[in-house]
Amino acid sequence: MEVSGLPAELWQLILSYLHLPDLGRCSLVCRTWYELVLSLDKTRWRQLCLGCLEHRHPNWPNQPDVEPRSWREAFKQHYLSSKTWTKNTQDPESSNCLSLFRRRKGRRRLCVGAGGEFGSLRAALAAASPYDRLVLLPGVHEEQSEVLLKVPVEIVGQGKLGDVALLVSVDQHCPTARLCNVVFMPARFTSVLYKTTSGYVQFDNCNFESGQLQIHAPGTCQVKFCTFSQSSIYLRSVALCILENCEFTGSENASVTVEGCPSSDRNWACKHLAVLAKSCTASMREPDPADCPMAKQDGSGELLLGPVRTCEIVVGEERSSLLSAAGGQALLGSAQEDSEFGENLQAAKEEEYPILDSNSSDSDLHSDDEEDAQATYQLPYQGHSLSHTLADIMDNRLQSNRLHALQKDLKLKSLQQELQQDKEAQSLANSLQGCIVRQCLFRDGKGGIFIYSRGQAKLEESIFRDLTYAVRCIQNSKVIMLRNDIHHCKASGIFLRLSAGGLIADNNIHSNSEAGLDIRKGANPLVLCNKIHSGLRSGIVVVGNGKGIIRSNQIYGNKEAGIYILYNGNPAVSGNHIFQGLAAGIAVNENGRGQITGNVICENQWGGADIRHGGDPVLRNNLISCGYSDGVVVGERGKGLIEGNAIYGNKGCGVWMTSSSLPHLVNNQISHNSIYGVAVFCRKDDAGDYPPSQGGSESFQEEREGAGGENDPNSEEEHPAARRPISVALVELNSINHNGAAGLHVKSSEALNIIANVIHANRNGGVAVLQSSQLTRIANNSISCNSRGGVLVEAECQVELRGNGIYENSSHGIVSKGEGVIVENDIIGNHRCGLQLLQAADMKVTKNRIQSFQDYGIALLDEAKGLVQENLIFQGRSKKSILRPMSNAEDCVIQNNMLLTFKKRFDMECMLINPPARPHIEGGALGSCTAAGGQRVSSITTRVDGGCHNHGSIFCTIL
């Protein structure tokens, strides 16, 4: 491009020598010259911006080494904001420009100090006219009493910042004023540096040392490029004020205090500040869900984590690809009780009762035509009520596709997407009321911002570091936090209590000594799209009737629970990714509640979800996977509705629960976990066995004392006690498959209902009941293709087996040494006996359909007794039906059983037709699965020694 024959480069060089007014005039000549002026952005406009004493680098104090997008635009914003104080006028709106022109034309310049016209600031103010400029010459200016500012003036320090020090207390009584390039220090008689109760004041490029600014409504202020050293700002009921590009250090209390609801009595400056705030609002940045730091420590000791490992199941193979062979074997070694029992039992019975396998006709069962022979005697059972679930499990491609679809559905949303879908969040993000803090730095002091008594504040793109706390918001106040960085606080980063609310979105909250975000006593914020990580305790704590909507956050690498809910805390937690924590993903304790839905909880060191001590959440539709311990832990007195979750690939159990807990475990997919699918134990939590670090300085005493429902006026409305009472733990309609040990392992001292589950292809037995002092009810389940027996019942256990389909397990269908009833089950196609009663078993066995391909249908051994009647026994190839002991014939009644032999394949008499194959559930599903699940949650602390042995689990005990 050439202008008048000269190259553009020469014109740029010429224009770079012009002053600001001349540049403006040149840009009006023509479009070509306008573009030439714009092209000087990184040269002349940069010089003008940095050369002005009234402001500093546009990205000071947080990123002074990062250039702005446009130096010209930054200079323009600085210039416009510096002129806000002159826009006050009582003239009609149409004459604004004339009014400004008249004021500027008559402005005087008064010099104050040694060699100036006036010896003191007080004398200069007495002689000043409205809108005069008072220039303070280098030196220290001190006033012995309070200075009243009665006329609007501009007070500017000459030279560099620091050359002029002003020891004074100013009380502004005029409508507007501006102070620039001055160091404020407190007078001997007060710590108040500046105060206004009605007017507007503007501070540019000033330092404040060891004092306080006080702004009372309807007064307002704008503070830009200022440094506060051991100083603070107090705002009372201010309608709108702006703090931009300021640095606060070494405060003994809060650096900024906001008290009172924004006043409806607004002065003239509010509309100008609102326009300025909107024009400066940065465009929303799209958070990158895949942006996770690497797993190492930086120089400050912050734990940085690697990207979340993709957790995929290779469905159909013997082991999940999630688990290493060595790790899996080490963990499985602690879960061999029921396996070893089965092997020892098999060896003993083969020696004591050789007749069970000594029939010479059985020798050909291992011949080449074994499969054909087995098919001949096979009874089709695929038409039972849970066959559709079983078909899904057996279809490897379908199961894999569903897992991938679930991971895709639970993908993190960006803040832009959240704001588009949530109008309340959008309204909060766009609100302009109270105190606006933008691009400020708060460091090395006690507190950042304290908001109370219905105050309002909006914090954007600021940094809070090395403070005791960053933000405290209480007493019905509201805080809006967007794109801030909050780290290395000595207590919690953000603290909300006493019905506080607001929006906390797209912040980076990390490396704090207590919780990243602490919500208590009725506080109810929106928490969206934050990164909350590397904390020395929990990521988010919801305590003492705290609420909140916690959505689409990344919570990772915290030393305690990612989210910790207790003492009637009741948040809605959805769509979050909670991963790589050093304790539980979500912990619910001490009557905590919560709606926990649609989260990805993976790769945590302890339980994905941990519920104890009255915790009663709704845990629904979550993906809980790849954990280094159990998927879900329900500890002492835990409750809750655990529904529709995919729990897979965890190195402990899928679900671990104590017998004293009362959860409703409904419609979950529990698969490919290293140990049991579901385990129920009698073990109590080791109360008091916590390291001293787990309690720290964080006190829940107030919440503990007020944890009763009567202290929460909304408790009845939100968690009605009128729903169906919970008296027995329920495991219902779950798919429990391909786990590393038994599908369901029971060692319980309380009653338990196991209803309508599909228990399939687990690497040990289907169901193992090793202790059951009260009735364990196993009804309408499909138990099939497990690597050992279908059901194992130990001595002194009370069990009711009713309406189950027990098919094609690799050992016996049912082995029982306990007491109870076995009624109306289909025990078909198991590789050994259909039913074995051993030792002192005392069972009532009636109306079952039993078939074993190569062994007895029913075998009663040892001192077994009971009633065996009205059973239908289909003969397998071995032609064995019932084996009974002779020593206790009077205690063992066997009568009215029917034996059917195969005449030809597909013989209708030998089909499971009337009734159809079990489980047979009227209506296809149980209505009881709607079991009024609880709405609460739990917490975490120390690992219990001993792994998973006979009655333990890899789990965390609760704080």
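Modeller: Let me begin with a definition: on a 1 Å grid over the protein atoms alone, a cavity is a set of points where a 1.4 Å probe fits but cannot get out, and its lining residues have an atom within 4 Å of a point. This is a predicted model, in which local features need pLDDT of at least 70 and side-chain atom pairs count only at pLDDT 80 or more, while totals for chains, interfaces and linings use all residues. Residues are numbered from 1 along each chain as its sequence is written, and side-chain values use heavy atoms, with hydrogens and water left out.

Biologist: How much space lies in the second largest cavity?

Modeller: Grid points are joined across faces, edges and corners, and a volume is the space filled by probe spheres set on the points. By this rule there are five cavities of 30 Å³ or more. For the second largest cavity, the space comes to about 40 Å³.

Biologist: How do the residues of the lining of the second largest cavity divide into nonpolar, polar and charged?

Modeller: The lining of the second largest cavity includes Met657, Leu662, Val680, Ser748 and Glu750. Here Ala, Val, Leu, Ile, Met, Phe, Trp, Tyr, Cys and Pro count as nonpolar, Asp, Glu, Lys and Arg as charged, and the others, Gly among them, as polar. On that basis the lining residues divide into six nonpolar, four polar and one charged.

Biologist: How are the rings of Trp45 and Phe75 placed as an aromatic pair: stacked, edge-to-face or tilted?

Modeller: Rings of Phe, Tyr and Trp (its six-membered ring) pair if their centres lie within 6.5 Å, and planes under 30 degrees apart count as stacked, over 60 as edge-to-face and the rest as tilted. The whole structure holds 15 aromatic pairs by this search. In the pair of Trp45 and Phe75, the centres are 6.1 Å apart and the planes stand at 50°, and the pair is tilted.

Biologist: Why does the pair of Trp45 and Phe75 tie together separate parts, and how many residues apart are they in sequence?

Modeller: Helices (H or I, at least four residues) and strands (E, at least two) are DSSP runs, numbered from the N terminus. Because Trp45 belongs to helix H4 (residues 41-51) and Phe75 to helix H5 (residues 71-82), the pair joins parts whose separation in sequence is 30 residues.

Biologist: Which residue has its charged end over the ring of Trp45?

Modeller: A charge sits over a ring if NZ of Lys or CZ of Arg is within 6 Å of the ring centre and within 35 degrees of the ring normal. Both Trp45 and Phe75 are buried (under 20% relative accessible area, with exposed over 50% and partly exposed in between, for a 1.4 Å probe and protein chains only). The charged end that sits over the ring of Trp45, 5.9 Å from its centre, is that of Arg72.

Biologist: What kind of pair do Phe208 and Phe228 form?

Modeller: Phe208 is in strand E14 (residues 207-209) and Phe228 in strand E17 (residues 227-229), 20 residues apart. Phe208 is buried at a relative accessible area of 1%, and Phe228 is buried at 0%. Phe208 and Phe228 also belong to one aromatic cluster, which includes Phe184, Tyr194 and Phe442. Since their ring centres are 4.6 Å apart and their planes at 15°, the pair is stacked.

Biologist: Is Gln230 buried, exposed or partly exposed?

Modeller: Most residues other than glycine have a negative phi. Gln230, which is not a glycine, has a positive phi of about 55° and lies in the loop between E17 and strand E18 (232-236). Its relative accessibility is 45%, so Gln230 counts as partly exposed.

Biologist: And is Leu733 buried or exposed?

Modeller: Leu733 too is not a glycine, and its phi is positive at about 60°. Leu733 sits in the loop between strand E57 (729-732) and strand E58 (735-737). With a relative accessibility of 18%, Leu733 counts as buried.

Biologist: What is omega for the cis peptide bond that joins Trp60 and Pro61?

Modeller: Most peptide bonds are trans. Pro61 is placed in the loop between H4 and H5. The bond between Trp60 and Pro61 is cis, with an omega of about 5°.

Biologist: Within what arc do the buried residues of H3 fall?

Modeller: In helix H3 (residues 31-38), the buried residues are Trp33, Leu36 and Val37. The arc is that of the directions from the helix axis to the C-beta atoms. Seen down the axis, these buried residues line one face of H3 because they fall within an arc of 100°.

Technical notes: On a 1 Å grid over the protein atoms alone, a cavity is a set of points where a 1.4 Å probe fits but cannot get out, and a pocket is an open set with protein on both sides within 12 Å along at least five of seven lines; lining residues have an atom within 4 Å of a point.
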